[in-house]
Amino acid sequence: MKTAKFYPFEHDPKPDSCWSLSTGPDGRIYASSCCEGVPGGGVFVVRYNDETDSLDTLVNVAEAVGEPLKSGRATQCKIHYSFCASPATGIMYAATHLSAPGYGQLAYSPWADWKDEDQSFPHSTLLAWDTNKDEVAWSSVFIPREGCRCLALDEERGLLYAISYMRDHFWIYDIDKRSIRSLGRLGSINSQGIFTDKQGRVFTSNGDGQLVRYSPHTGKLEEIPVYVPYADGLTNWHAVIYDVVASPDGDCVYGVPWTANPHLFRYWPEDGPYGRMENLGPVHQDRDPSQPISFYLDHCGGLVFGTDGMLYYGTSRWPEGVESAFDTSIETEGIVVQYNPETGEKRDFAKLVGNPGGQGHYVARAGRDRFGNLFFGQVTRPIPAGLSRVVMDEEGEDLHNPVRTWG
Amino acid sequence: MAEEMSWHSLREFTREGLMVALPLCFPGQSEPPPAGETAIKVMALNGYTDTLYMGTEGEKAHLLAGLIHQDTGVVHDMGTIPDATSVDALSVLGEDVRFLASGPDGARLYKTQRCIGSFLIQEWGLPRRPIEEVAVVLEGEGIGHAVASADGSECVGVSAESGQVFRTDTQTGETRILGELDKRGKFSRRLCVDKSGRVWGTCGNAGLWTLAPGSDEIEKLPQRIPCAAGREQHTQVSAWAVDPVTGMVYGGTRPDGFMFSLDPHTRHMVALGKPCRQDLITCLTVGHDGRVFGMVGTAEDIGHFFCFDPEERSLKDLGIPVSTLTTRQYGYHYACAVTGVDGEMYFGQHERVNYLWVYFPRVPQRKPAEATVE
């Protein structure tokens, strides 16, 4: 089994999470160095430098958008699942999210502080990073008063699709007009993923794990009779999409939910009127069903295809009997699993680590760079976060295509 | 109500207010303890955190925590109690949870930490803290029931078989036997502690006994609790409740299911009647408005929910408990009840499979004002 190399984020205050990692239109790896738990914390966009084998900091988002981290209001502290690469324009879109308390505040509740002029989150910000010029092309107010949980790009139509937190609305942003509109509420628990099919239709899920589909052809947002698979003994409640990656041919997607006992699923969006969902089984060990498990422990994410056609994803392992709550004393393991889509076989492929004393088990997102190597963004709080690189020994360049256009 | 009846609805279910049955788990995320281990015997509220603690009896005994306020809405299984088949008393103050539990080898004092939670719609961590044995309380015999003092420093209980009254220090487990109630086994397995800290129970032929705060002397009183003529020899109290405002004590009896009030100062008792035809009043609790709510019916019954209104001096049968909001269940048999911080009431079901039943009493409409604002 391989061992991944960990690259810690080195910003101040120390970042606690990497919620977003994506392949850019240039085939390089972009990640968000987030600081969600520190009052006044901010987010930086970093990029893996394959010439120096290190991370370059590209932009301090707060500075770039002119919103000081010491304003006292909830800060632009993270980019959640909201990187979208635009191969046609070379733009890497990023939308910000909330959760860090304002500078000098002990805690932050986006519900309690809603419309509080002194402390509330002003808005999510959309940042367009020009990968050709290596500069911020433009930025814009994105979702008023809310964070952006996840983002998807329809390059053909010049639209971005987003889900907001906490109101859980479905939003459409017109890139040319720089205008945004809501199609209304989905539920109470954000889907952590939003993706498109070959027809340009958009898919996400509501809080009951039911797929919700938007068609730009009809302008209709609808709940369709397809559900994200879940384990025996649980219900569909909270089985929202966590991470979804397209198969290399783009005919289907593979995904995992954000719920206990996550199951890998495969969904064929164009098979029949509502698509076809397949349950590919659990990704993790059994657990004590008498306790609600912490999603910070029972977590699977970072789905990415290698150039070998294999699916890779980050999984967590934990000692039996510690399921109820996560703390850093638990000796977790982060393992990248290789899944063969043809046979369903899977094997442990690489071991993830974090900073010394930290866990490497929580992978948020993953990407493949232009040399075919795999990268995994990790949440390692309270230990400073970072990302991991798994060398795949591929030959050639521009091995990153096709590029994922959702976060 | 007659005009509202029809062939498919005789209004036999919860006729007033609303019952909601909560599964004994985190709905959708965990499974309840196995059937046969979830009969809720005792409940206690920690008013500081709103958390309701429950102790079960069965093949194994569990300590459960119910959280319904704010963004919670779960019952958390805090774990099984080592060597125990019944939790008999709970003392939950501050960050400390101490309880008495019985098993085949006797009764013990245990301790663990409190359970609090929030954000349970989004993501969570509900620790299962260690449950530690503090001391042996009774050797070779279990506890019928016990009650904690208001400051949580001690429990007074009665042993299950021999009817010995004991006092246990909840920090050390040091236990003293204070006396025996009845050699024939005629004593109540339900006790109460009134507003002044005095413990009440019954023994013998419907006789009252009491234990003053700090006293080790059991006082057997000459009064008989109300019962049907000639039924004294069979009658004991099976449920108690104390009005926290007036201090009035209410009792319900087995086997016949009568209700009475007891003024703890004058020791005057008043028979209040029989709520409905089912026998055995299993639990009582006083609502914020002073009305007393309870359950009646044996384990072999389809039990009923009832209410006593001290202002009207009326007993009202409120029907068979039913829950239709999210959980669709009938409730037939219960063993304990407590009133929550907002006037909601908790009823502990006591069957093979069980739920935590939460009752939201009706808020009466205002009476028409004599003058109206124009």
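How many residues of chain A are in contact with chain B, and how many of chain B with chain A? Select both chains: 17 residues of chain A are in contact with 15 residues of chain B. Two residues are in contact if their C-beta atoms, placed from the backbone, lie within 7 Å. On the side of chain A that touches chain B, 9 residues are nonpolar, 8 are polar and none is charged. Here Ala, Val, Leu, Ile, Met, Phe, Trp, Tyr, Cys and Pro count as nonpolar, Asp, Glu, Lys and Arg as charged, and the others, Gly among them, as polar.

This is a predicted model, in which local features need pLDDT of at least 70 and side-chain atom pairs count only at pLDDT 80 or more, while totals for chains, interfaces and linings use all residues. Residues are numbered from 1 along each chain as its sequence is written, and chains are lettered from A and ligands numbered from 1 in the order in which they are written.

**Stop 1: a sheet in chain A**

Select β3 (21-23) and β6 (54-60) of chain A, the edge strands, each of which pairs on one side only. They belong to an open sheet of 4 strands in the order β3-β4-β5-β6, with antiparallel pairing. Strands (E, at least two residues) are DSSP runs, numbered from the N terminus, and two strands pair if DSSP finds at least two bridges between them. Strands of a sheet pair through backbone hydrogen bonds, either parallel or antiparallel. On average, neighbouring strands of this sheet are turned by 30° against each other, direction ignored; the axes are lines fitted to C-alpha atoms, and angles run from 0 to 180 degrees between N-to-C directions.

Next, select β5 (residues 44-49) of chain A, which 6 bridges join to the antiparallel β6(A). A:Tyr48 has A:Leu55 in β6(A) as its bridge partner.

**Stop 2**

Most residues other than glycine have a negative phi, and most peptide bonds are trans.

Select A:Ser99, in the loop between β8 (91-95) and β9 (123-130) of chain A. A:Ser99 is not a glycine, yet its phi is positive, about 155°. A:Ser99 counts as buried because it has 22 C-beta neighbours inside 10 Å (buried: 20 or more other C-beta atoms within 10 Å of its own; exposed: 12 or fewer; partly exposed: in between; C-beta atoms placed from the backbone).

Move to A:Asp168, in the loop between β12 (159-165) and β13 (169-174) of chain A. Its phi is positive too, about 60°.

Last, select B:Arg254 and B:Pro255, joined by a cis peptide bond with omega about 0°.
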